[in-house]
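Work through the exercises below with the model open. Try each task before reading its solution.

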Amino acid sequence: MSLTPTAGQTVGPFFGYALPFPHDDELVPPGTPGTVTLHGRVYDGHGEPVPDAILELWQADADGNLIQEQGSLRRDAGPDEWAFTGFGRSSTDAEGRYSFTTVVPGAPFFAITVFARGLLNRLFTRAYLPDHAGDPFLDTVDADRRSTVLTTQDETGYVFDVHLQGERETVFLAYPRHLS
């Protein structure tokens with residue numbers, strides 16, 4: 001018997017009402033000592049903001065430890081006490097903006113996954129801190145493309161824009177088990 005493949009389906013646009021949860025963009029509560037923001041915009045191939053994307057953030061804690069807990073915030077000792085888990089999710093607004101409240105990771109980068117309309121699969125990238133010296137992966141990225149995975153520092157933390165296509169396309173990573 002011969003099977004004919006069916007057409008693929010794109011992701012979304014359903015993020016605005018199906019996935020956001022209260023405080024899912026807060027890896028630490030606002031006002032926590034050492035809090036920074038990681039924020040920016042998501043752009044399509046024409047440089048237009050993508051208003052219905054979701055970004056997931058995965059990161060080490062301030063000491064460089066990878067926490068193995070589920071959920072973006074885990075209630076620990078009481079209703080107002082939160083434990084850092086290293087995971088968060090942020091939706092883009094009408095201008096393509098997203099933001100995470102977090103801590104500076106004890107590793108040189110934030111790991112980011114992008115879900116957006118028109119994508120058949122999620123996209124993986126890294127947002128490197130300005131002081132990223134000697135990272136083995138970053139050293140393999142072509143020098144002319146390296147700036148697409150570097151954050152810039154501002155008064156609240158770090159800025160990282162994601163370009164899905166075009167001249168300024170962000171470097172995306174391929175993981176073999178996620179290619180199908």
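## Salt bridges

Three salt bridges turn up when the whole structure is searched. The model is predicted.

**Exercise 1.** Find the partner of Asp52 in a salt bridge, and state which parts of the chain the pair ties together.

*Solution.* 
- Step 1: Look for the partner. Asp52 forms a salt bridge with Arg117, and the closest N and O atoms are 3.1 Å apart. The cut-off is 4 Å, so the pair qualifies.
- Step 2: Asp52 is in the loop between strand 1 (35-43) and strand 2 (54-58), and Arg117 is in the loop between strand 7 and strand 8, so the bridge ties together parts 65 residues apart in sequence.
- Step 3: Check burial. Asp52 has 16% relative accessibility; buried means under 20%, so Asp52 counts as buried. Arg117, at 36%, counts as partly exposed.

**Exercise 2.** Classify Arg97 and Asp93 as buried, partly exposed or exposed.

*Solution.* 
- Step 1: The side chains of Arg97 and Asp93 meet in a salt bridge of 2.9 Å, N to O.
- Step 2: Arg97 has a relative accessible area of 41%. The value for Asp93 is 29%.

## An aromatic pair

**Exercise 3.** Are the rings of Phe109 and Tyr128 stacked, tilted or edge-to-face?

*Solution.* 
- Step 1: The count of aromatic pairs is five.
- Step 2: In the pair of Phe109 and Tyr128, the ring centres are 5.4 Å apart and the planes stand at 50°, so the pair is tilted.
- Step 3: Phe109 lies in strand 7 (residues 109-115) and Tyr128 in strand 8 (residues 123-128), 19 residues apart.
- Step 4: Tyr128 is buried, at 0% relative accessible area.
- Step 5: Inspect the face of Phe109. Arg126 lies over that face, 4.0 Å from the ring centre.

## The whole chain

**Exercise 4.** How many helices and strands does the protein chain have, and what share of residues is buried?

*Solution.* 
- Step 1: The protein chain has one helix and 11 strands.
- Step 2: Buried residues make up 41% of its 180 residues.

Definitions and conventions
Residues are numbered from 1 along each chain as its sequence is written. This is a predicted model: local features need pLDDT of at least 70, side-chain atom pairs count only at pLDDT 80 or more; totals for chains, interfaces and linings use all residues. Side-chain values use heavy atoms; hydrogens and water are left out. Rings of Phe, Tyr and Trp (its six-membered ring) pair if their centres lie within 6.5 Å; planes under 30 degrees apart count as stacked, over 60 as edge-to-face and the rest as tilted. Helices (H or I, at least four residues) and strands (E, at least two) are DSSP runs, numbered from the N terminus. Buried means under 20% relative accessible area, exposed over 50%, partly exposed in between (1.4 Å probe, protein chains only). A charge sits over a ring if NZ of Lys or CZ of Arg is within 6 Å of the ring centre and within 35 degrees of the ring normal.
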